[in-house]
Amino acid sequence: MRGYFITFEGIEGSGKSTQVAMLKKKLEDRGVPTLCVREPGGTPVGQHVRKILLNPETGDLDPLTELLLFWAARRELVKNVITPALEQGQTIVCDRFADSTTAYQGYGRGVDMEIIDTMAKIMRNGVWPDRTIILDLPAGAGLNRALDRIMFKGSTDTRFEDEGLEFHRRVRNGFLKIAESNPDRVKIVNAEGSLEEVSEAVAGALEDILPELSNPC
Ligand code: T5A
């Protein structure tokens, strides 16, 4: 049986990477074979493109160029990693996917939504999330968390964190609009609770398609 494709979305610092790891553990503890991937990245080409997109030295990019780079990395991931793993019956948990492009390049940068939707139809290789969790919190709170994490790790890949607060507010509103337009697929989880509280809410938003999550281990 084909596996489920679960995506996590949200602004910087909303806790996606943390919750992806917590969900993977919960699923594996319950015998569900799970593969975690992240965007941009997850393939050798994707890693190169990630460096271009996240390094501040890249500077301003034309928004359409940026859109094409995200989709180029995603196409490699979809064709070479996600599609084969789903066909083998693995559950995929992906840290960002196409909704990030709608939120950042569409609502954030102002790329025409028709172009974004057309690109998704052409490039997605028949793959689309079964369920998307948007971890939601105010843009300022997310950015503060992300900046703390960057200072702690000494990361220099801050091209998006360097955008102003207004940009991140547009992105957050974009995610909320995506959820409003796709109520069956997309669930909003309040990201301001403790790690355990958020993790419980994530499990609750997935139990209808992954009933194993309601089993004690
Ligand atoms: N992008 C991406 C686009 O513009 N278009 C696209 O199509 C795609 C795919 C990717 C960038 O690219 C942009 C969006 C991004 O700007 P990235 O480095 O992968 O760059 O950035 P993020 O995905 O935003 O990763 P972050 O690490 O910033 O955010 P996460 O993964 O949401 O947060 P996480 O889990 O690392 O947590 C951040 C910090 O908060 C703490 C964690 O311990 C950590 O220190 N934390 C909490 N603290 C308190 N309470 C909680 N509940 C917490 N949960 C986590």
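I count a polar contact as a pair of N or O atoms within 3.5 Å. The model I am working on is predicted.

**Entry 1**

I started with R50. An N or O atom in the R50 side chain is 3.2 Å from an oxygen atom of the ligand. That distance falls within the 3.5 Å cut-off. Next I looked up G13. A polar backbone atom of G13 is 3.1 Å from an oxygen atom of the ligand. Then I checked G193. Here a nitrogen atom of the ligand lies 2.9 Å from a backbone N or O atom. I followed with the surface areas. The ligand taken alone exposes 1000 Å². The protein buries 84% of that area.

**Entry 1: the shell around the ligand**

How many residues surround the ligand? I find 25. The closest are K16, S17, T18, T101 and R149. I sorted the shell by residue class. It divides into 10 polar, 8 charged and 7 nonpolar residues.

At least two shell residues come from each of α1 (16-29), α2 (44-54), α3 (63-87), α4 (98-108) and α6 (139-153). I also looked up the site itself. The ligand sits in the largest pocket.

**Entry 2: the chain as a whole**

I listed the secondary structure next. The protein chain has 8 helices and 5 strands. Read from the N terminus, the elements run β-α-β-α-α-β-α-α-β-α-α-β-α.

For overall dimensions I took the C-alpha atoms. They fill a box of roughly 50 × 35 × 35 Å along the principal axes. I compared the radius of gyration with the globule rule. For 217 residues, a compact globule would have a value near 17 Å. The protein chain has 17 Å, so the two agree.

Most peptide bonds are trans, and most residues other than glycine have a negative phi.

Where is the cis peptide bond? It joins E39 and P40, with omega at about -15°. P40 is found in the loop between β2 (34-38) and α2.

R96 is not a glycine, yet its phi is positive, about 80°. I placed R96 in the loop between β3 (91-95) and α4.

Notes: Residues are numbered from 1 along each chain as its sequence is written. This is a predicted model: local features need pLDDT of at least 70, side-chain atom pairs count only at pLDDT 80 or more; totals for chains, interfaces and linings use all residues. Side-chain values use heavy atoms; hydrogens and water are left out. A residue is near a molecule or strand if one of its heavy atoms lies within 4 Å of it. A polar contact is a pair of N or O atoms within 3.5 Å; within protein, one must be able to donate a hydrogen and the other to accept it, and residues adjacent in sequence count only if both atoms are side-chain atoms. Accessible areas come from the Shrake-Rupley method with a 1.4 Å probe; for residues, only the protein chains shown count as cover. On a 1 Å grid over the protein atoms alone, a cavity is a set of points where a 1.4 Å probe fits but cannot get out, and a pocket is an open set with protein on both sides within 12 Å along at least five of seven lines; lining residues have an atom within 4 Å of a point. A molecule sits in a cavity or pocket if more than half of its atoms lie within 2 Å of its grid points. Helices (H or I, at least four residues) and strands (E, at least two) are DSSP runs, numbered from the N terminus. Ala, Val, Leu, Ile, Met, Phe, Trp, Tyr, Cys and Pro count as nonpolar, Asp, Glu, Lys and Arg as charged, and the others, Gly among them, as polar. The radius of gyration is taken over C-alpha atoms; the globule rule is 2.2 Å times the number of residues to the power 0.38.
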